[in-house]
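Have the sequence and structure open as you read.

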Amino acid sequence: FCLGTLVEKHAALAREVVRRGHSIENHTDRHPVLFSTFGPGRMARELAQAQDRIAQVTGRAPQYFRAVAGLRNPFLDRVLHQQGLQLVHWTRRGYDTNTPNPATVLARLTRGLAAGDILLMHDGHSAPTATGQPVALAVLPQLLAQVQAQGLQSVALPTALSLPGPQAHSSTALL
């Protein structure tokens, strides 16, 4: 889930992400902290701008939306429906934006990890470890190793949500 403005700013990187089989979904255009307080018109404009920017750069309009801080209001469902977006929320959060300890973040993400979990991590604003490395980067190799050790597979969200039957139960999507 990416911001439309950042996808546009880092267009080459966004295209490479998609080329490697990942999906870029809508997380608003500018990440307004008060997004959940917006009325339907302002909310729709924020999402539409992100849709347009992401589609223009990647060649594919997002299908899914993750709300800023996971906060929603009664207008959101209708706005999402009008724009052809489906709301997605995480099942596991490591609090990587404010926890600098990789072991703590990893434990939060993997304690009871099961097929079908959707994990939330951030590529920006990740807390720095004691060495200054973003904690998300310190955690990711260990997290992927644990996912694999449990016989799970990390897949792009559209793939995870479209898998029928038992296959859907052997995957974990990383946000």
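## Ground rules

This is a predicted model, so local features need pLDDT of at least 70 and side-chain atom pairs count only at pLDDT 80 or more, while totals for chains, interfaces and linings use all residues. Residues are numbered from 1 along each chain as its sequence is written, and side-chain values use heavy atoms, with hydrogens and water left out.

Start with Arg92, which sits in strand S3 (residues 92–93); strands here are DSSP runs of E with at least two residues, helices are runs of H or I with at least four, and both are numbered from the N terminus. Arg92 counts as buried because its relative accessibility is 15%, the cut-off being under 20% relative accessible area with a 1.4 Å probe, protein chains only.

Beyond its neighbours within four places in sequence, Arg92 has contacts (heavy atoms within 4.5 Å) that include Arg108, Leu109, Gly112 and Asp117. Asp117 comes from the loop between helix H5 (102–110) and strand S4 (118–120), and is buried too, at 11% relative accessible area. The side chains of Asp117 and Arg92 meet in a polar contact of 2.7 Å.

## Helix H5

Val105, Leu106, Leu109 and Thr110 are the buried residues of H5. Looking down the H5 axis, they fall within an arc of 115° and so line one face of the helix; that arc is taken from the directions from the axis to the C-beta atoms. These buried residues pack against S3, S4 and helix H6 (135–149).

Just after H5, Gly112 has a positive phi of about 75°.

Notes
Buried means under 20% relative accessible area, exposed over 50%, partly exposed in between (1.4 Å probe, protein chains only). A polar contact is a pair of N or O atoms within 3.5 Å; within protein, one must be able to donate a hydrogen and the other to accept it, and residues adjacent in sequence count only if both atoms are side-chain atoms.
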